[in-house]
Amino acid sequence: MAPSAMEGVVSTRDAWMTLPPPTLHPVKEAKFEKYVEPQPDGRKRALALPQGQAAIVIDNGSSNVRAGWSFEDNPRLSIPPIMSKYRDRKLAKTFSFAGQDCYADTTARGHIRNAFEAGTGIVSNWDVMEHVLDHIFIKLGMNGVEGGIDMPIVMTEAVANFPYSRKSMAEIIFECYQAPSLVTGIDSLFSYRHNKGKTGLVVSSSYSSTHLIPIYNQKPMLAQATRLNWGGWHEAEYLLKLIKLKYHTGFPGKLNTSQAEQMVRDFCYVSLDYDKELSGYLEWTGLEDRERIVQYPYTEEIIIQKSEEELARIAERKKESGRRLQEQAAKMRLERLMKKEEELEYYKDVQRRLVDQTKKETKRILDDAEVKDEAALEKIVKELEKTIKKQRTKDLGEPEEEQEAPDFSLLDVPDDQLDEAGIKQKRQQRLLKSNHDARARAKAEKEAEKARIAEEARLDEERRTNNLEAWLEDKRQARLAKLAQIKERDRLKADLGNRKSLASQIRMKNIANLASDTPAGGSRKRRRGGDDDDFGADDADWGVYRSVAIGANKGDSDDEEEGEEDLEAAVRALEADLLEYDKDFTYENTLEAQNDWSKSLLHAFRYGPRPFDPSNPAETHRLHLNVERIRVPEVLFQPSAIAGVDQAGIVEIAGDILNQRLMGLGGEGYRDEFLRDVFLTGGNTLFENFDERLRRGLMGLLPAGSELGVRRAGDAVLDAWRGAAGWAGTGECRRARVTRQEYEEKGGEYMKEHDLGNAFGG
């Protein structure tokens, strides 16, 4: 392509440079906001009302407990049903916290307990529940009341609540707090009443579960109600699992359920066409708009930036310091050279003094010079001369003299013709000759290898010139063979990482065999001493260590790294030839292009459409949420396919209730009354597109032309409490109250049925 045609074209690898800076969302989690003072004014207003008109309303949810007065529009308190209690030994005091106050103290965070069983709406820890109720009544200004709580209590409970759970709650309310009366109801029914519903299908998806309850003329048909065991808690846990699988190599940030709940609320939404949207979610085009990046706290290394003048001064100081060091080193080398020259002159003078001396005088001179004999003196002189020549050549730049050929004349002389000194010198010459021959062989092999490579290059060039197609085919096959070797190497490493693989089992068997006192499969026996064996006598014995070491720790072995580099270098060389001479082979076909991050679906999944720098602490502390944004809410519609929950989705459940159960009870006209008001409530229905997805799903199950109405609650979170507060002052509520006298007479399991609560039977 001509250069003019290339202008304005941005490669996929460089496309990220045109993207705006990423939008970072700080990680959120439950925290202490502020201290809430007790509020006695509410009780004063309650006492001013006619008797029976005021009540304490408690929406006892597994995510948040909301409490307030029935004559007010909003609850005064909204706290998680948790407590924390610990004893400070230094202060000799016991501290207890409830609700958000548990997050005010670092030690208290580590002792948090929940009143509800995880993932359910059933109270399992009644000590915590009592502590939470204490906190609520104190904040509502009931602390100074003598004899307990003097106001009726209206409280929500789970659908089909256990009799034991209802009995335990009644015991606490009447025995512990001495309340005058208690009435319980279902939160979703309160919400439906508050939103003026009469006949319809209530879809309530909350923190612990999802319920579908048909209501006819304001009376719940609890026998036809269905529960899906999936709610906000399950979604947070599922998101945590997905994140841990996504960053399976380890995420440096600290993950917890509270953070996951915030991510689900802030970033997840319901897809109108899940399969279609999922198939294109990780496409590079628009991925920066679809993903959400959560930034976790990190410690950044502070690098002090210096001006150019400061950098120049530092460089000059380093240069000057290096120059001084070089001068000092040269001076020291010169001093050592002068010292060695003095030593050489001294030993040469000793040699001159030994001429024509008697043996006795010779021995005295050698002893004064601390030399053993004349041969040792000769050796010292030669070594000094050699060292001085080498230093002069290196330091003073003197021309290097040709080395004299080594003398191996004594090797051909029989030992019986040599004295003791001659035999010793002959032994030294033998060692020198072996080293000399080894160096000569290595040099010859090196020259031969150079010649072989040059000859292969010549033949390769000649073959390319004579038959280009055959030459290209050989290059292609050689490249495929090298790629297969790389693939096999990577597979072996992956297998060694899996302890159940055959390669890993063989490796562990070899290690166990090496450690055993009685190695299996070997013919070698321990020697009589019991401490030694003949392992290693055969060179093949050492191969077992190679089989143990290969792939054990990637990157630990120098040989392994060198082998990897050789394979990849060979592939690059073959690809360079193909790029130059094969018109059908382009950069997109190369190994480098295939390993390019901009073409990696896994990179897009983990790090989005931008390059990832593992040395940058800010980037390593980021979570990239993309397909999880639609996958987590989709479980409500496809629980079995997405999360392995062996239940039908809410569309199938709603279709079964409308098309099977209600049709069997009253026919098509009876069912159509429910179709006109499909009511959504609960915090888990706040996902974007939740109502439209449910509408589309139900339209596919209903006859053509069916009149279907789907609506949301005015406030899916607070309408349950508001509905209970509005109902608390009605005559129906007063008739449904269980008084303390009735509790004492009939027991804690006694309840009065009403249109907004549970029933003894369907």
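These questions and answers go through some labels used for this predicted model.

Me: What makes Arg76 and Glu72 a salt bridge?
Reply: The closest N and O atoms of Arg76 and Glu72 are 2.6 Å apart. A salt bridge needs a side-chain nitrogen of Lys or Arg within 4 Å of a carboxyl oxygen of Asp or Glu, so the pair qualifies. Both Arg76 and Glu72 are buried.

Me: Which network do Arg76 and Glu72 belong to?
Reply: Salt bridges with shared partners join Arg76 and Glu72 with Asp41 and Arg45 into one network.

Me: Why is the pair of Arg722 and Asp715 called a salt bridge?
Reply: Here the closest N and O atoms are 3.6 Å apart. The cut-off is 4 Å, so Arg722 and Asp715 count as a salt bridge.

Me: Why is Asp715 called partly exposed?
Reply: Asp715 has a relative accessible area of 23%. Buried means under 20% and exposed means over 50%, so Asp715 falls in between and is partly exposed.

Me: How do you know that Lys752 and Glu742 form a salt bridge?
Reply: Their closest N and O atoms are 2.9 Å apart. Glu742 is in helix H28 (740-746), while Lys752 is in the segment after helix H28, 10 residues apart.

Me: Is Lys752 buried or partly exposed, and which label does Glu742 get?
Reply: Lys752 has a relative accessible area of 22%, and Glu742 has 17% relative accessibility. Buried means under 20%, so Glu742 counts as buried.

Me: How many salt bridges does the rule give?
Reply: The count comes to 45 salt bridges.

Me: What makes up the patch of positive charge on the surface?
Reply: Lys372, Lys379, Lys424, Arg427 and Arg430 gather there. Lys and Arg count as positive, so the patch is a positive one. Helix H14 (residues 420-466) gives the largest share, three residues.

Me: Why does Lys424 count as partly exposed?
Reply: Lys424, which lies in helix H14, has 46% relative accessibility. Exposed means over 50% and buried means under 20%, so Lys424 is partly exposed.

Me: Where does UniProt list "coiled-coil region"?
Reply: The unreviewed UniProt entry lists residues 304-335 and 557-584. In the model, residues 304-335 are 88% helix and 0% strand, with the end C-alpha atoms 43 Å apart.

Methods
Residues are numbered from 1 along each chain as its sequence is written. This is a predicted model: local features need pLDDT of at least 70, side-chain atom pairs count only at pLDDT 80 or more; totals for chains, interfaces and linings use all residues. Side-chain values use heavy atoms; hydrogens and water are left out. UniProt positions are given in the numbering used here, feature names are shortened, and annotations may be inferred rather than shown by experiment. Helices (H or I, at least four residues) and strands (E, at least two) are DSSP runs, numbered from the N terminus. Patches are made of residues with over 30% relative accessible area and no salt bridge: like charges are joined within 9 Å, nonpolar side chains (Val, Leu, Ile, Met, Phe, Trp, Tyr) within 5 Å. Accessible areas come from the Shrake-Rupley method with a 1.4 Å probe; for residues, only the protein chains shown count as cover. The place of a charge is taken as NZ of Lys, CZ of Arg, CG of Asp or CD of Glu. Buried means under 20% relative accessible area, exposed over 50%, partly exposed in between (1.4 Å probe, protein chains only).
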